[in-house]
Each structure stands twice: as structure tokens, then as C-alpha cells.
Amino acid sequence: MLAVHPAVAQEHRFEADPIVSVRENFVACDVLSQLQRVMNNPRFLLAGECVPLRARDRVRVYASRGPYVCIYRYDTIAPCKWTHEKALSK
């Protein structure tokens, strides 16, 4: 589900989300806490809740929370996944 409230989903314009490039190979996870666990201990990547990001992939930034951003592939409308802003170009 993309949004809890239908009105919020109607107001959001996906084409307005900025497109950026992935600067370095990294991961993006469904849940921010999972990303933090993977960053602290890469063995947690085996849990399957994270996907690899490859350098030069293009993504859209949906939201941010501190140094973390929720991204999705630039050519799809899909639930976003969390990654660290250091993995993205500015």
C-alpha cells in the first residue's frame, strides 16, 4: 500500500519526486530499522528484506528522515525502500 489515506495518495505527484543516481553499490531495505541493522552488520542482508543498489542506477527520492531516504526506481511507481543518502548523488 502506498499511502494510508487515499486523499494523501491523490495529492502526491510521483513525477515531482527528484531523480538521482546511485553513487556507489549499496542496499535499500523495506524498513528503516532493517537498513540500520544491515549497516551495522552486513550478515543481516541475508534476511531478504533488502535489495542491492548498483552504482549508476537511477532512482526517485520519495521521502527523507535524517540521513536516510526512501527511494524507488525512477521508471516505476512502487513502495519505496530506505537507503542512506551517502549512496546517492546530489
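Biologist: Which residues is Ile 71 in contact with, leaving aside its neighbours within four places in sequence?
Modeller: Ile 71 is in contact with Ala 28, Leu 53, Val 59, Arg 60, Val 61, Cys 80, Lys 81, Thr 83 and Leu 88, once its neighbours within four places in sequence are left aside. Please keep in mind that this is a predicted model.

Biologist: Where is Ile 71 found, and is Ile 71 buried or exposed?
Modeller: Ile 71 belongs to strand β5. Its relative accessible area is 4%, and buried means under 20%, so Ile 71 counts as buried.

Biologist: How far is Ile 71 from Arg 58, C-alpha to C-alpha?
Modeller: Their C-alpha atoms are separated by 9.8 Å, and the two residues lie 13 residues apart along the chain.

Biologist: Let us step back. How many helices and strands does the protein chain have?
Modeller: There are two helices and six strands. Along the sequence they are arranged as α-β-β-α-β-β-β-β.

Biologist: What share of the residues counts as buried?
Modeller: Of the 90 residues in the protein chain, 31% are buried. The accessible surface of the chain is about 6100 Å², and carbon and sulfur atoms account for 54% of that surface.

Biologist: And what share of the contacts joins residues at least 24 apart?
Modeller: The share is 56%, taken among contacts between residues at least 6 apart in sequence.

Biologist: On to the helix α2. Which of its residues are buried?
Modeller: Helix α2 covers residues 32–40, and Leu 32, Gln 34, Leu 35 and Val 38 are buried there. Viewed down the axis of α2, these buried residues fall within an arc of 155°, so they line one face of the helix.

Biologist: Why would residues three or four places apart point the same way?
Modeller: An α-helix has 3.6 residues a turn, so residues three or four places apart point the same way.

Biologist: What do the buried residues of α2 pack against?
Modeller: They pack against five strands by name: β2 (26–29), β3 (50–53), β4 (58–65), β5 (68–73) and β6 (81–84).

Biologist: Now the strands. In what sense do β1 and β4 pair?
Modeller: Strand β1, residues 19–21, pairs with β4 in the antiparallel sense over three bridges. Within this pairing, Ser 21 stands opposite Arg 58 in β4.

Biologist: How many bridges join β4 to β5?
Modeller: Six bridges join them, and the two strands run antiparallel. Arg 60, for instance, has Tyr 72 in β5 as its bridge partner. The hairpin of β4 and β5 has two residues between the strands, and Gly 66 takes a positive phi near 65° there.

Biologist: Which loop holds Pro 67, and what does Pro 67 touch?
Modeller: Pro 67 lies in the loop between β4 and β5. Leaving aside its neighbours within four places in sequence, Pro 67 is in contact with Thr 83, His 84 and Glu 85. The C-alpha atoms of Pro 67 and Glu 85 are separated by 5.6 Å, although the residues are 18 apart along the chain. Pro 67 is partly exposed, with a relative accessible area of 33%.

Biologist: What is the phi of Arg 56?
Modeller: Its phi is near 80°, which is positive in a residue other than glycine. Most residues other than glycine have a negative phi. Arg 56 sits in the loop between β3 and β4, and its relative accessible area of 71% makes Arg 56 exposed.

Biologist: Where is Trp 82, and is Trp 82 buried or exposed?
Modeller: Trp 82 is in strand β6. Trp 82 is buried, with a relative accessible area of 11%. Trp 82 and Cys 70 are 12 residues apart in sequence and 4.3 Å apart in space, C-alpha to C-alpha.

Biologist: A last topic, rings. How many aromatic pairs are there?
Modeller: The count comes to zero aromatic pairs. There is a charge over a ring, however: Arg 58 lies over the face of Tyr 74, at 4.5 Å from the ring centre.

Technical notes:
Residues numbered from 1 in each chain as written. Predicted model: local features only at pLDDT ≥ 70, side-chain atom pairs only at ≥ 80, totals over all residues. Heavy atoms only, no water. Helix = DSSP H or I, 4+ residues; strand = E, 2+ residues; numbered from the N terminus. Buried < 20%, exposed > 50% of the residue type's maximum accessible area, 1.4 Å probe, protein only. Contact = heavy atoms within 4.5 Å. Areas by Shrake-Rupley, 256 points an atom, 1.4 Å probe, with all protein chains shown as cover. Arc of directions from axis to C-beta. Phe/Tyr/Trp six-rings, centres within 6.5 Å; stacked < 30°, edge-to-face > 60°. Lys NZ or Arg CZ within 6 Å of the ring centre and 35° of its normal. Pairing = 2+ DSSP bridges.
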